[in-house]
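Work through the exercises below with the model open. Try each task before reading its solution.

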Amino acid sequence: MKISDLQVKEAVLLPLFTLQRQSAVELFYTGYFSQQHIVSMGGVIRSWLDKHETSSVTRRKLFSVFIEMGQNIVRYSSDERFMCTGQDELRFGSLCFHTDHMNYYLETANLVGPEESSLLQTNLEVLRTMTQAQIRDAWKQGLRNDAPPTSKGANIGLLTMARDTNAPLEYRIHPLAASSLSAFHLKATFCHD
């Protein structure tokens, strides 16, 4: 059964509408993602951080996680509106960068298939139980290992995000009633300097 565009948009956007009243949204985008979009949005985030964040370590970590989150949408979003234009793949998703008086937040949402949903849940639950030292060790080991055939990158994206954030990654997976797809929401938190 094919789901309507409205159902897809609602499923992808729903998790991002949980922003708290005191949160200031600095960047919000819903639509097609490509490498060029990530570069453009990265420029906005980098400029904003250069103006508002004094710690170069915090800026680097937040920017690194932004890149990983954007690439995950480009590589793994299972939205029916996928397009290929030459060498560029365009995949649908949402990204929000917001801040409050204590933290910065990066959130993404996109649709994933059942295999990806199960793998994400397993990997994220394991990451949530690991210490920062264990995450760093697993990240270093991941750099030395070959990526599994299911990965479209180095297979260290979630480890990179977990390593660079100040709190465990938060996530939600919402199965869609009219489809085998699920809406995947990922949230990364960073402390202000």
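This is a predicted model: local features need pLDDT of at least 70, side-chain atom pairs count only at pLDDT 80 or more; totals for chains, interfaces and linings use all residues.

Residues are numbered from 1 along each chain as its sequence is written, and side-chain values use heavy atoms, with hydrogens and water left out.

**Exercise 1. Describe the chain as a whole.**

Step 1. Count the elements: the chain has 6 helices and 6 strands. Helices (H or I, at least four residues) and strands (E, at least two) are DSSP runs, numbered from the N terminus.

Step 2. Read along the sequence: the order is α-β-α-α-β-β-β-α-α-α-β-β.

Step 3. Check burial. Of the 193 residues, 47% are buried. Buried means under 20% relative accessible area, exposed over 50%, partly exposed in between (1.4 Å probe, protein chains only).

**Exercise 2. Characterise helix α3.**

Step 1. Residues 56-76 form α3, which has 21 residues. From first C-alpha to last it reaches 30 Å, close to the 30 Å expected at 1.5 Å a residue. The expected span is 1.5 Å times one less than the number of residues.

Step 2. List buried positions. Among them are Leu 62, Phe 63, Phe 66, Ile 73 and Val 74.

Step 3. Find their partners. The buried residues of α3 pack against β1, α2, β3, β4, α6 and β6.

**Exercise 3. How do α3 and α6 pack?**

Step 1. Their axes lie 9 Å apart, at an angle of about 150°. Axes are lines fitted to C-alpha atoms, for helices over the stretch in contact, and angles run from 0 to 180 degrees between N-to-C directions.

Step 2. The pair is therefore roughly antiparallel, a term for angles over 145 degrees.

Step 3. Name the interface. Residues of α3 including Arg 60, Val 65 and Met 69 meet residues of α6 including Thr 160, Met 161 and Asp 164.

**Exercise 4. Is Ser 34 buried or exposed?**

Step 1. Ser 34 sits in the loop between β1 (24-33) and α2 (35-52).

Step 2. Ser 34 is buried, because its relative accessible area is 2%.

Step 3. Beyond four places in sequence, Ser 34 is in contact (heavy atoms within 4.5 Å) with Val 74, Glu 89 and Leu 90.

Methods. Angles under 35 degrees count as roughly parallel, over 145 as roughly antiparallel, 65 to 115 as roughly perpendicular and the rest as oblique.
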